[in-house]
Amino acid sequence: MVIEDSGGKYAVEIEIELGEYILVRDTNPFSEDSNVLWFDTYEEAKVEAAKWRTGRVVSVAKGTLWGEESHD
């Protein structure tokens, strides 16, 4: 997944189809071309993740995506 540099912030990832994931965006409705909705703290991202059935918080630092769990 190619993502813009977030400066070490948090985002929310959701599963939109079985095995297909996307980061929540800052517009509604959104597309993959919309800007990612970034959060400064884990707690803020956790509130947004709770709004989605499959939401989970991910952390991005130096272009690398880390999640709470692996998709494997």
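How exposed is F30, in terms of relative accessibility? At 25% relative accessibility, F30 counts as partly exposed. Buried means under 20% relative accessible area, exposed means over 50%, and partly exposed lies in between (1.4 Å probe, protein chains only).

## Basis of the model

This is a predicted model, in which local features need pLDDT of at least 70, side-chain atom pairs count only at pLDDT 80 or more, and totals for chains, interfaces and linings use all residues. Residues are numbered from 1 along each chain as its sequence is written, and side-chain values use heavy atoms, with hydrogens and water left out.

## Overall layout

The chain has one helix and four strands. Along the sequence they follow the pattern β-β-α-β-β. Helices (H or I, at least four residues) and strands (E, at least two) are DSSP runs, numbered from the N terminus.

The chain has 72 residues, and buried residues make up 28% of them. Its accessible surface comes to about 5000 Å², with 48% belonging to carbon and sulfur atoms. These areas come from the Shrake-Rupley method with a 1.4 Å probe; for residues, only the protein chains shown count as cover. Take the contacts between residues at least 6 apart in sequence: 49% of them join residues at least 24 apart. Contact means heavy atoms within 4.5 Å.

## Aromatic pairs

Rings of Phe, Tyr and Trp (its six-membered ring) pair if their centres lie within 6.5 Å; planes under 30 degrees apart count as stacked, over 60 as edge-to-face and the rest as tilted. By this rule there are two aromatic pairs. In one, the ring centres of Y10 and Y42 are 5.9 Å apart and the planes stand at 80°, so the pair is edge-to-face. Y10 sits in strand β1 (residues 10-17) and Y42 in helix α1 (residues 42-49), so the pair links distant parts of the chain, 32 residues apart. Y10 is partly exposed at 23% relative accessibility. Y42 is also partly exposed, at 32%.

F30 pairs with W52. Their ring centres are 6.3 Å apart and their planes are at 65°, so this pair is edge-to-face. F30 lies in the loop between β2 (20-23) and α1, and W52 in the loop between α1 and β3 (56-61), so the pair ties together parts 22 residues apart in sequence. W52 is partly exposed, with 32% relative accessibility.

## Helix and core

In α1, A45, E48 and A49 are buried. They cover an arc of only 100° around the axis, which puts them on the same side of α1. That arc is taken from the directions from the helix axis to the C-beta atoms. The face turned away from the buried side of α1 carries the exposed residues E43 and V47.

A nonpolar core is a set of buried Ala, Val, Leu, Ile, Met, Phe, Trp, Tyr and Cys residues joined through side-chain atoms within 4.5 Å. The largest has eight residues: V12, I14, I22, V24, F39, A45, A49 and V57. β1 and α1 each supply at least two residues of this core. Leaving out residues up to four places away in sequence, I14 touches E20, Y21, I22, V24, F30, W52, T54 and G55.

## Loop between β2 and α1

P29 is in this loop. A cis peptide bond joins N28 and P29, with omega about 0°.

N35 is found in the loop between β2 and α1 too. The C-alpha atoms of N35 and R25 are separated by 5.5 Å, although these residues are ten apart along the chain. N35 touches R25 and D26, not counting residues up to four places away in sequence.
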